[in-house]
Structure formats: structure tokens, C-alpha cells
Amino acid sequence: MLGLQSEENRMTKCLIVEDEPLIAFDLQCRLERAGYSVSGIADRMSEVVQILETDKPDLVFMDISIKGDHDGVETADLIRRKYDLPVIFVTTHADTATLERAKRTGPFGYIVKPFATVDFRAQSEIAIWKHNMEQRLRLSEAWLASILHNVADAIIATGPDGTVVFLNSAAETLTGWSSAEAAGKPLLEVFCVYSEETGQPILNPLEYIYDGRGIDPHPATYFLQHRDPCQSTLVETRVSVNEDEHGLIGIVVCFSDVAERQKAQEQRRQLEKTQALALLATGYGRELSDWLRDTESCLQELLSQIPDRLREVVRSAYLSASNAIALARQLTELGSREAGQAEPVDLNALLSEVKKSLVKMEGVKWPIALDLDPSLPAIAVEPESCRQNLIRLLQQAKKAMPKGGEIYVSTQLVETTTSEHAVQLIVRDTGKRLRSSAQHRIFDPYYDLGANSYSAGLSLPLVYHFVSVNGGSIQCSSSKEGTEVRISFPALVTPDRPILIHSCPKQKCPLR
């Protein structure tokens with residue numbers, strides 16, 4: 001359009017802040033001869049603010065000694081913070097103290113009076129160019145910071161001396177350090193990692209650079225110690241060098257939590273082993289069950305006809321056959337890949353029922369403490385199969401305490417990594433601690449637990465199989481206080497069964 005000028009051709013407007021009228025007039029003439037317009041002249045901060053509120057200039061020429069309660073340095077600082085305009089100082093004061101005060105405001109130039117030989121056009125163009133570049137840099141940094149803060153992986157960046165200069169939000173979560181608290185700290189104070197194999201602290205990656213060695217670009221897995229000593233996790237880490245033609249700028253550490261991924265992989269491997277056994281168990285279980293039913297029938301017939309002196313022998317054989325039939329049924333159950341007819345099940349009510357049944361059968365031999373979340377939603381499983389597997393789980397917990405102890409059973413509603421909800425069942429015994437290898441293999445059929453002098457037989461593999469085919473997950477951990485089995489099922493959410501988060505904090509039971 002003919003009546004409008006392009007941004008490139010628009011005349012640059014300048015504001016002069018000077019309390020000497022003659023000097024202000026001289027400066028105005030020089031700027032106009034250089035091709036600029038002067039939007040106003042002020043001699044104190046209040047006038048500067050008034051002009052800036054009505055007509056924003058492109059550049060400010062600021063005398064340090066001006067009228068009023070605020071000098072030029074304070075006024076320039078206000079202009080930088082509130083109006084984001086470039087300022088060039090024009091003054092007769094060139095002492096070190098004045099320069100230091102002025103530098104803290106981030107000026108774009110400094111002209112000492114008298115300025116008869118000053119090229120104002122060059123000074124102005126450089127100031128405006130530097131200001132534009134600074135704005136672009138700030139915008140780029142803001143975009144970069146926004147991107148880095150929102151990526152899923154955790155990122156830590158250091159300077160060339162190995163101190164932290166940046167953490168994104170994911171790194172703040174995994175380390176427990178805020179970006180502000182971590183700034184200037186040594187890398188390994190914030191990123192406190194240990195070898196997964198040896199448990200020894202990891203050397204600072206910069207040590208390899210200082211020694212003339214390169215950094216391994218391949219991912220490595222470490223234990224990351226959170227700032228809270230009670231928290232740690234397994235992280236997969238990549239380290240890269242940030243450098244330019246002048247040398248090292250720093251390093252970038254990119255890492256992510258892989259503890260959940262490893263748990264999922266371990267569960268998948270366990271399920272594959274169980275399914276391999278299931279193929280074998282299905283065929284053998286059915287054949288064995290057919291043979292044993294015939295044997296059981298024959299023994300029943302014998303019991304009704306033989307003399308009393310032989311009756312006990314036949315009864316023992318009959319009980320052995322019954323136990324073998326139960327094992328055959330377990331093998332067949334293990335071979336089944338179907339979850340059964342799922343129904344909404346109140347896990348709390350079922351646990352209470354199972355506890356009453358076990359206590360009724362064995363009395364004080366079953367010390368079970370229940371801590372059940374009253375807001376727990378239902379889960380979708382086959383009720384009788386769930387009941388049988390709860391009994392198996394509790395029987396194994398009791399078996400792990402040959403010298404007595406207590407079983408703690410709790411339920412809670414938890415949020416998963418996919419922001420969905422899961423019903424979690426925790427069963428803890430106070431038996432002897434399992435060795436590390438046993439914790440990973442306790443769900444293997446007939447795995448020998450060694451120091452605990454008992455075998456779980458098929459009970460725990462059947463529990464594992466039941467949980468897996470119903471879309472749940474199961475993990476075992478052990479410490480000097482005892483062993484914990486933690487099972488999670490997807491929460492059943494329907495219009496008439498919404499998720500209700502209990503507002504009161506749930507009382508924690510022991511070993512939690």
C-alpha cells in the first residue's frame with residue numbers, strides 16, 4: 001500500500017534523556033543528520049516513562065547524570081526490564097565505578113562527551129542490530145528450553161568445568177534436584193549414579209575427555225540415587241560431548257527410567273516360561289487325570305469290600321491318588337490360556353471371606369492382618385479362580401514362616417504410568433529373606449528356595465498364571481523384614497462404578 005512504509009524503510013525513532021538543553025539540542029541535530037527522528041527529549045525518569053507509554057522509540061540515548069531521584073543508570077535498568085529497548089549511555093563520566101554500574105544494565109553502547117568525532121549512525125545501527133540479535137537469541141533459548149523441558153527423557157547439561165547448567169523437568173523428577181538448586185553443582189552430585197554390576201560410583205564422563213579418551217556413545221544402565229536417600233531407580237543413560245571450534249562447551253547427559261521396562265521384560269520372560277510349561281502340562285495333566293480317576297474308582301471299590309486290617313493300606317493309597325488328581329488338575333489349569341468367565345469382583349470382600357475360611361480351618365495358626373482401602377473399585381476376574389489363587393498365595397506366605405509370624409494383606413488404588421488406575425494387592429510375610437536369585441525365580445514351577453527349605457510347587461506359578469491371563473502384573477521383593485508379593489489388576493471402571501479417590505490418608509500397615 002502506498003501510504004505505508006515497510007519495516008525496513010521506517011525511520012528509526014530515538015529518545016534523548018539529557019538534563020543539559022544545549023547538549024540535548026546538539027545530540028538531536030546530529031541524530032537527525034544521521035537520518036533518524038527524535039521522538040522526545042526528557043531530563044528525568046518520570047518524563048521518560050510518560051514518553052515510553054505513549055510513543056515507544058527504537059533506541060534511547062541516556063545521560064547518567066539526570067534530574068530527579070533516579071539517575072540514568074537506574075532509568076536505563078527500568079527501560080531494559082519493562083520496555084526491552086536498547087540504551088546507549090552518553091556521559092562525561094568515564095570512571096571505573098560508573099562503567100561498572102552502567103554495565104550491569106546491559107547497555108548497547110557507551111559514548112563519552114564531547115562527541116564531535118562520534119559516528120552516531122554506526123553506533124545506532126550496531127546497537128539496534130545487537131538488540132535484535134539478543135531478542136532472537138532469547139526467543140530461540142525460550143523455544144529450546146520449552147522443548148527440552150517437555151521431552152520425555154531426562155536431560156542434564158554441564159559447562160566445561162563439569163558443573164550443572166541445565167536440568168529439564170524429567171531430570172528434576174528423577175534426581176530430586178530443581179534446576180535452580182542444581183545450578184553450579186558438580187555433575188555427579190546431582191546425577192549420582194552407580195554401576196549396575198558392581199554397585200561402585202561412576203567416574204565423571206569429563207575425566208575421559210581430560211585424559212584424552214572419548215566418551216562411549218552407547219547407552220549404559222546405572223542405578224540413579226535420588227536426592228531422597230530412600231529413592232533410587234534404574235536408568236538407561238547416553239552421554240554426548242558439546243563442543244565447537246574453540247573447544248569443549250560441556251556435556252549432555254540424557255537418561256530415562258527403565259525400571260518399569262525391565263519389570264515388564266522380566267514378567268514377559270516369566271510368562272513365556274510358564275506358557276512353555278503349559279504346553280507340556282496340558283497333555284500330561286489330562287492323561288494323568290484320566291488314569292488317576294480309574295485308579296481312584298478301583299480303590300473306592302476295594303475300600304467297600306476288603307477286610308479291616310487292609311482298609312488303612314487302601315485308604316492311604318486312595319489319599320495319594322486324590323493328591324495326584326489334584327496335581328493333575330493344577331497341571332491342566334496351568335495349561336489353560338483362558339481367564340474364565342470374568343465378573344466384577346470386590347477384592348476387599350473376597351479377602352475378608354478367604355481370611356474367615358482359613359482362620360476357621362486352622363484357627364490361631366492363621367495370623368492375618370488386613371488393611372483394606374475402602375474406596376477400592378472392583379476388578380474383572382472369574383470369582384472362584386480368584387478365591388483359589390488368593391488361598392494359594394496366603395498358604396505360601398504362611399509356609400515361608402515355619403517358626404511363626406504374621407501375614408499382612410493390604411489393598412490400595414494406584415495410578416499407572418499410563419495415567420490409568422489399578423487395584424493393587426500386597427501380601428507380606430515376616431519370614432526369612434529370600435536371596436536375590438530366588439526373588440526372580442520364585443514363580444518358576446518347583447523352584448528350590450534353598451535356605452527357606454521349602455518349594456512353592458505349582459502354587460505360585462498358578463497364581464502368576466492367573467494374574468497374567470487376567471491382564472495384571474505381579475512382582476516379588478524381599479528384605480530382612482520379610483517377603484512381599486505385589487499384584488496389580490486393571491480397575492473396573494463403568495458409568496455405575498466410577499473411580500473414587502478416598503480423601504483421607506489410608507493408614508499404613510507394617511512393612512509398607
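The residues lining the second largest cavity divide into ten nonpolar, one polar and no charged; here Ala, Val, Leu, Ile, Met, Phe, Trp, Tyr, Cys and Pro count as nonpolar, Asp, Glu, Lys and Arg as charged, and the others, Gly among them, as polar. The model is predicted, so that local features need pLDDT of at least 70 and side-chain atom pairs count only at pLDDT 80 or more, while totals for chains, interfaces and linings use all residues. Residues are numbered from 1 along each chain as its sequence is written, and side-chain values use heavy atoms, with hydrogens and water left out.

A search of the whole structure gives two cavities of 30 Å³ or more. A cavity is a set of points, on a 1 Å grid over the protein atoms alone, where a 1.4 Å probe fits but cannot get out, and lining residues have an atom within 4 Å of a point. Grid points are joined across faces, edges and corners, and a volume is the space filled by probe spheres set on the points. The volume of the second largest cavity is about 60 Å³. Its lining consists of Leu347, Cys386, Asn389, Leu390, Leu393, Leu425, Val463, Phe466, Val467, Ile487 and Phe489. At least two lining residues come from each of α13 (383-399), α15 (459-469) and β18 (482-490), where helices (H or I, at least four residues) and strands (E, at least two) are DSSP runs numbered from the N terminus. The most is given by α13, with four residues.

Of the eleven residues of α15, ten are buried, so this helix is largely enclosed by the rest of the structure. Buried means under 20% relative accessible area, exposed over 50%, and partly exposed in between, with a 1.4 Å probe and protein chains only. The buried residues of α15 are Ser459, Leu460, Pro461, Leu462, Val463, Tyr464, His465, Phe466, Val467 and Ser468. Among them, Val463, Phe466 and Val467 also line the second largest cavity. Glycine 471 follows α15 and has a positive phi, near 75°.

Over the protein, the secondary structure comes to 15 helices and 18 strands. Buried residues make up 40% of the 512 residues. Of the contacts (heavy atoms within 4.5 Å) with a separation of 6 or more, 61% are between residues 24 or more positions apart.

Helix α3 has twelve residues (72-83), which at 1.5 Å a residue should span 16 Å; the end C-alpha atoms are 15 Å apart, in agreement. The expected span is 1.5 Å times one less than the number of residues. Gly72, Val73, Thr75, Ala76, Leu78, Ile79 and Tyr83 of α3 are buried. The N-terminal end of α3 is capped by aspartate 71, with a side-chain oxygen 3.2 Å from the backbone nitrogen of valine 73. Just after α3, aspartate 84 takes a positive phi of about 50°, although aspartate 84 is not a glycine. This residue belongs to the loop between α3 and β4 (87-91) and is partly exposed, with a relative accessible area of 25%.

Aspartate 43 is located in the loop between β2 (37-42) and α2 (45-54). With 16% relative accessibility, aspartate 43 counts as buried. Its side chain makes a polar contact with the side chain of arginine 44 (3.2 Å). A polar contact is a pair of N or O atoms within 3.5 Å; within protein, one must be able to donate a hydrogen and the other to accept it, and residues adjacent in sequence count only if both atoms are side-chain atoms. Leaving aside residues up to four places away in sequence, aspartate 43 touches Glu18, Asp19, Ile66 and Lys67.

Valine 190 is part of helix α8 (residues 187-190) and counts as buried at 1% relative accessibility. Not counting residues up to four places away in sequence, valine 190 touches Ile156, Val164, Leu167, Thr175, Trp177, Ala182 and Lys185.

Glycine 199 lies in the loop between β8 (193-195) and α9 (205-210). At 39% relative accessibility, glycine 199 counts as partly exposed.

Technical notes: 1 Å grid on protein atoms, 1.4 Å probe; cavity = no way out; pocket = protein on both sides within 12 Å on 5 of 7 lines; lining within 4 Å.
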